[in-house]
Amino acid sequence: MTRVVLTGTGAISACGLGVDALWASVVEGQSGVRAVSFERLENQRVGTAAALSDADKERVAQSVGHRMRDPVAQYALVAAHEAIAQAKLGEDDFGDRCGVVIGSGFGGAKTLDDNYMAFGVDKTMRLDPMAVPKIMNNAAASWVSMDTGASGPLYSPSTACSSGSQSIGLAYQLIKAGAVDRCLAGGAEASLVGGVFRVWELLRVMTADKNRPFSKDRNGMTLGEGAGVVVLESLESAQARGAHILCELVGYATNSDAGDLLRPNPDRAANCMQMALSDAGLDAASVGYVNAHGTGTVANDVTETKALRSVFGEDLDGVAVSSTKPVHGHALGAAGAIEAIVTIKALMHQIAPPTINFNEMDPKIGFDPVSNKARPIQTKAAMSNSLAFGGINASLLFKSFDG
Amino acid sequence: MSTEKTDISQELLELVAREGMVDVSDITPESRLEDLDIQSADFVMILMALEEEYGVYISVDNELSEVQTVQDLLTLAQAKIEEGKKDATA
């Protein structure tokens with residue numbers, strides 16, 4: 001049986017460039033949420049998002065800016081470079097035996113938004129001739145492949161909020177099946193643009209206040225952006241090149257509700273977590289930390305809690321469960337990847353990052369999600385969950401590497 | 001004051017009927033939204049109309065998720081509109 005290990009992680013988010021900035025922010029509860037305003041939104045109802053700072057956007061543009069790259073591809077490249085550097089991959093480690101699986105929810109949203117505005121409002125026919133290759137959902141993955149020379153299979157799952165988790169899961173399956181030796185996997189999102197922001201407002205799932213997952217007074221999510229990319233390898237290839245192993249990816253499962261487009265189904269989310277546990281050959285009791293999807297919408301958090309209770313039973317109170325979205329925002333297609341990296345760091349440092357902005361326990365939820373302050377944990381296994389619109393659930397299970 | 005309140009109730013009732021795509025004569029404050037076949041997607045339409053007409057942004061919160069009857073919805077909408085007015089003048 002091929003074992004799959006992680007040897008590199010890279011992240012870019014409102015917390016800054018790099019995994020260290022992300023981890024420091026989530027542990028300390030320093031939120032990257034800031035005021036955002038969109039030029040063409042006259043009556044903006046929601047005034048905050050976990051957007052990259054202007055300084056970081058500038059640094060990204062300086063390092064990987066290119067007239068054929070939407071910010072979404074730039075974010076993916078920055079995260080991939082960090083992951084590759086940590087894994088110490090050399091030129092010979094790419095090629096046909098290295099795949100790229102990087103998903104995105106909206107793809108090149110800025111290019112799409114700018115060009116529709118130019119076309120529909122400014123009535124110009126002089127649009128960006130590179131709009132098509134910048135907008136397409138696989139552009140981020142393709143740029144990472146071109147940049148590194150990873151010429152194995154390339155996929156770009158676009159499954160809304162599960163894109164990042166499914167990408168990592170799919171890469172794990174490719175390695176397990178022997179199709180590749182290693183994979184650059186994750187998700188990227190750069191959809192904080194006027195048109196996209198407005199339609200999120202209209203869906204009424206964003207809070208005009210603060211994002212408070214699992215808190216009784218929660219009333220919606222806060223959008224984010226960024227990218228997370230990890231290097232996954234078969235244990236054999238990692239050992240053959242003497243790589244430092246961060247942890248092992250031991251279980252993955254994904255399923256579909258085949259039900260409602262927006263309303264999540266607790267039974268299916270529970271089924272997904274159970275399948276991931278069984279894939280890993282672990283029982284629920286061995287999981288000591290769960291990074292929840294925890295969007296902070298009324299419906300998600302109730303559903304997810306029901307699912308967690310049915311998987312962990314009475315033991316749920318002994319499991320540290322938190323949502324780090326109030327810190328890095330809901331980064332949609334990048335969320336699963338960013339949160340997988342937070343989960344890996346939690347496992348490596350044996351610390352459960354807190355759910356900040358938590359005010360009061362909701363009787364419909366009835367547990368404390370590591371509220372407001374990080375907590376030490378003692379565990380060898382941690383889970384990261386994504387529950388996406390479209391009824392797509394994905395669960396990843398990481399384990400400390402002990403040889 | 002009481003006339004104003006009645007007026008807004010009637011306006012809101014009409015708004016709910018229009019956006020929920022039900023005949024206003026079929027609606028009474030006691031009607032259960034479920035029985036009128038007003039579902040989550042219709043809720044979003046109702047909330048959008050409230051934003052357009054009264055300038056209040058109402059995100060889905062615990063109170064809204066407990067709304068069962070037309071009257072529950074009207075009461076909550078009125079409270080949110082009042083809250084919105086207060087915020088605007090604050």
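Q: Before the chain contact, what does "in contact" mean here?
A: Two residues are in contact if their C-beta atoms, placed from the backbone, lie within 7 Å. The model is a predicted one.

Q: OK, how many residues does each chain put into the contact between A and B?
A: Chain B gives 12 residues and chain A gives 16 residues.

Q: Which elements of chain B supply at least two residues each to that side?
A: They are α2 (40–54) and α3 (62–65) of chain B. The most comes from α2(B), with five residues.

Q: And what classes of residue are on chain B's side?
A: The side of chain B that touches chain A has six nonpolar, four polar and two charged residues.

Q: What is chain B made of, in secondary structure?
A: Chain B has four helices and zero strands. From the N terminus on, its elements run α-α-α-α.

Q: How much of chain B is buried?
A: Of its 90 residues, 23% count as buried.

Q: Switching to chain A. How is it divided?
A: Into domain 1 (4–240) and domain 2 (249–399). Their centres, taken over C-alpha atoms, are separated by 20 Å.

Q: How many residues does each domain give to their contact?
A: Domain 1 of chain A gives 66 residues, and domain 2 of chain A gives 54 residues.

Q: Which elements are on domain 1's side, counting those with two or more residues there?
A: On the side that touches domain 2, they are β1 (4–13), α1 (19–28), α7 (163–176), β7 (182–189) and β8 (226–234) of chain A. The most comes from α7(A), with nine residues.

Q: What about classes on that side?
A: The side of domain 1 of chain A that touches domain 2 of chain A has 28 nonpolar, 31 polar and seven charged residues.

Q: Now the largest nonpolar core. Which of its residues touch the most other members?
A: A76(A), C183(A), V229(A) and L232(A) do, out of 131 residues in that core. The largest share of this core, 11 residues, comes from helix α3 (residues 71–87) of chain A.

Q: Why does this core lie between the two domains of chain A?
A: Because domain 1 (4–240) and domain 2 (249–399) both give residues to this core.

Q: What does C183(A) touch, leaving out residues up to four places away in sequence?
A: C183(A) touches C98(A), G99(A), V100(A), V101(A), A171(A), L174(A), I175(A) and L232(A).

Q: What other core lies apart from the largest one?
A: One of 17 residues, including I38(B), F43(B), L73(B) and L74(B).

Notes. Residues are numbered from 1 along each chain as its sequence is written. Chains are lettered from A and ligands numbered from 1 in the order in which they are written. This is a predicted model: local features need pLDDT of at least 70, side-chain atom pairs count only at pLDDT 80 or more; totals for chains, interfaces and linings use all residues. A nonpolar core is a set of buried Ala, Val, Leu, Ile, Met, Phe, Trp, Tyr and Cys residues joined through C-beta atoms within 7 Å. A residue is buried if 20 or more other C-beta atoms lie within 10 Å of its own, exposed if 12 or fewer, and partly exposed in between; C-beta atoms are placed from the backbone. Domain bounds come from an automatic or database domain assignment. Ala, Val, Leu, Ile, Met, Phe, Trp, Tyr, Cys and Pro count as nonpolar, Asp, Glu, Lys and Arg as charged, and the others, Gly among them, as polar.
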